[in-house]
Structures are given as structure tokens and as C-alpha cells.
Amino acid sequence: MADPKHGNAPIIVEETVGKKAYCMCGLSGKLPYCDGAHNRENTGIVPHVCEVTEAGKKAVCQCHKSGNIPWCDGTHSRG
Ligand code: FES
């Protein structure tokens with residue numbers, strides 16, 4: 001069992017419309033998306049699954065403390 005990894009800055013992606021699974025354990029090999037690492041590492045954490053309705057540049061939270069998961073809201077820079 002591995003500990004979750006929390007980053008200190010978002011990952012910027014050119015996102016497309018559709019159903020997405022964003023990694024919440026930080027252990028994925030294809031961040032910011034889930035690759036099943038939460039299961040392999042038995043973290044007890046699940047990805048954030050949502051429907052993206054608007055394509056474009058997005059900042060995906062990596063500290064996992066945003067008040068607007070999966071998007072960065074600046075919480076990572078407030079200590
Ligand atoms: S990375 Fe910015 S609020 Fe989490």
C-alpha cells in the first residue's frame with residue numbers, strides 16, 4: 001500500500017468534451033487521469049469521475065484540496 005501523493009500545482013491540459021476520470025491518489029502514471037493505480041496500491045481513494053461539457057484549457061487540481069475538484073481553485077498556493 002502506497003501513500004497518496006499530493007502535488008503543489010495544477011496540471012494544465014487542453015481538455016476535450018466527454019467523461020473523464022481524474023486521479024485523486026496522485027499515483028497514476030498518466031496524470032492527471034486515473035490509470036488504476038489507486039486499486040493497485042490499495043489506497044482506498046477513488047478517482048473523480050465527471051462529464052466535461054466544454055473543451056479548452058483546464059487546470060486540474062493536484063493538491064486535492066480544491067473546493068472545486070477536479071479544477072484548481074488556487075487553494076494549493078494558500079499554504
Ligand atoms: S492544485 Fe491548485 S487548488 Fe489544488
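Biologist: Why is Met1 called exposed in this model?
Modeller: The model is a predicted one, and in it Met1 has a relative accessibility of 76%; because exposed requires a value over 50%, Met1 counts as exposed. Met1 belongs to the segment before strand S1 (11-15), and, once its neighbours within four places in sequence are left aside, Met1 is in contact with Glu41, Asn42 and Thr43. Its C-alpha atom is separated by 12 Å from that of Ile45, a residue 44 places away along the chain.

Biologist: Why does His38 count as buried?
Modeller: The relative accessibility of His38 is 12%, and since buried means under 20%, His38 counts as buried. This histidine is found in helix H1 (residues 37-40), and, apart from neighbours within four places in sequence, His38 is in contact with Cys25, Thr43, Gly44, Ile45, Val46 and Pro47.

Biologist: What makes the pairing of Asp35 and Arg40 a salt bridge?
Modeller: Their side chains meet at 3.3 Å, N to O, and because the limit for such a nitrogen and carboxyl oxygen is 4 Å, the pair qualifies as a salt bridge. Asp35, at 27% relative accessibility, counts as partly exposed, whereas Arg40, at 55%, counts as exposed.

Biologist: How many salt bridges does the count come to, and what is the setting of Glu15 and Lys20, buried or exposed?
Modeller: The count comes to 2 salt bridges. Glu15 and Lys20 also meet through their side chains at 3.3 Å, N to O, and both of these residues are buried. Glu15 and Lys20 are among the residues in contact with Val52, as are Tyr22 and Trp71.

Biologist: Which residues make up the largest nonpolar core?
Modeller: That core has 6 residues, namely Val13, Tyr22, Met24, Cys50, Val52 and Val60. Membership requires that a residue be buried and joined to the set through side-chain atoms within 4.5 Å.

Biologist: How many disulfides does the structure hold, and why are Cys61 and Cys72 described by separate accessibility classes?
Modeller: The structure holds 0 disulfides; a pair of cysteine sulfur atoms would have to lie within 2.5 Å to be counted. Cys61 has a relative accessible area of 3% and is therefore buried, while Cys72, with 25%, is partly exposed, because that value falls between the 20% and 50% limits.

Biologist: Which residues does a cis peptide bond join?
Modeller: Most peptide bonds are trans. A cis bond joins Leu31 and Pro32, with omega about 10 degrees, and the bond from Ile69 to Pro70 is likewise cis, with omega near 15 degrees. Pro32 is found in the loop between strand S2 (18-22) and H1, whereas Pro70 has its place in the segment after strand S4 (56-60).

Note on methods:
Residues numbered from 1 in each chain as written. Predicted model: local features only at pLDDT ≥ 70, side-chain atom pairs only at ≥ 80, totals over all residues. Heavy atoms only, no water. Helix = DSSP H or I, 4+ residues; strand = E, 2+ residues; numbered from the N terminus. Buried < 20%, exposed > 50% of the residue type's maximum accessible area, 1.4 Å probe, protein only. Contact = heavy atoms within 4.5 Å.
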